[in-house]
Amino acid sequence: MSYLQVSLQVLLFLTFALGGAYRFFQPIDTLAKRMLWVTYFKPRIVRSIALIEIICGIGIIIPLFLSSSSFAFILYSGCLLMATMIGAAVTHAFIGDYKQILGNLLLFGMLYLVTFPVI
């Protein structure tokens with residue numbers, strides 16, 4: 001496993017698992033002040049997205065510790081997070097929050113490199 005892939009896995013874990021945990025445990029009013037998209041969704045949807053990010057963020061880093069596992073953690077976690085990032089980019093385009101789309105696409109690219117390694 002290359003150092004770049006391991007570094008990206010750790011970075012994606014920190015981004016999604018910790019960021020998702022922040023969004024999961026913060027009150028919706030606090031999130032709405034910092035994130036425009038939260039006001040367009042019901043609280044259960046916001047919490048569900050955060051839970052998906054937590055679970056998949058953990059799924060991205062699990063293969064570093066369980067090398068003998070036959071379950072494709074990275075494949076399933078990466079694909080679900082890539083779908084989440086596409087949905088986030090589309091949402092930001094619809095609500096006019098264009099600054100956030102570049103971040104979504106950057107995360108999508110990192111997820112693609114980890115999920116489908118070139119080497």
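**View 1. Arg23 and Glu53 are both buried in this predicted model.** Look for the place where these two side chains meet: Arg23 forms a salt bridge with Glu53, and their closest N and O atoms are 2.3 Å apart. Arg23 belongs to helix α1 (residues 3–25) and Glu53 to helix α3 (residues 43–65), so the pair ties together parts that lie 30 residues apart in sequence. The structure holds 1 salt bridge, and you are looking at it here.

**View 2. The largest nonpolar core has 13 residues.** Start with Leu12, Phe16, Leu81 and Leu111, the residues with the most contacts inside this core. Helices α1, α3, α4 and α5 each supply at least two of its residues. In soluble globular proteins, nonpolar side chains tend to be buried together.

**View 3. Leu81 has contacts well along the chain from its own place in sequence.** Setting aside neighbours within four places in sequence, Leu81 touches Phe16, Glu53, Cys56, Gly57, Ile60 and Leu111.

**View 4. A second, separate core has 6 residues.** Among them are Leu31, Met35, Trp37 and Val46.

**View 5. The largest pocket has a volume of about 470 Å³.** Its lining is made of 22 residues, and those closest to the centre are Trp37, Met85, Ala88, His92 and Asn104. Helices α1, α3, α4 (73–95) and α5 (99–115) each give two or more residues to the lining, with the largest share, 6 residues, coming from α4. What kinds of residue line this pocket? The lining divides into 10 nonpolar, 8 polar and 4 charged residues.

Conventions: Residues are numbered from 1 along each chain as its sequence is written. This is a predicted model: local features need pLDDT of at least 70, side-chain atom pairs count only at pLDDT 80 or more; totals for chains, interfaces and linings use all residues. Side-chain values use heavy atoms; hydrogens and water are left out. A salt bridge is a side-chain nitrogen of Lys or Arg within 4 Å of a carboxyl oxygen of Asp or Glu. Helices (H or I, at least four residues) and strands (E, at least two) are DSSP runs, numbered from the N terminus. Buried means under 20% relative accessible area, exposed over 50%, partly exposed in between (1.4 Å probe, protein chains only). On a 1 Å grid over the protein atoms alone, a cavity is a set of points where a 1.4 Å probe fits but cannot get out, and a pocket is an open set with protein on both sides within 12 Å along at least five of seven lines; lining residues have an atom within 4 Å of a point. Grid points are joined across faces, edges and corners, and a volume is the space filled by probe spheres set on the points. Ala, Val, Leu, Ile, Met, Phe, Trp, Tyr, Cys and Pro count as nonpolar, Asp, Glu, Lys and Arg as charged, and the others, Gly among them, as polar. A nonpolar core is a set of buried Ala, Val, Leu, Ile, Met, Phe, Trp, Tyr and Cys residues joined through side-chain atoms within 4.5 Å. Contact means heavy atoms within 4.5 Å.
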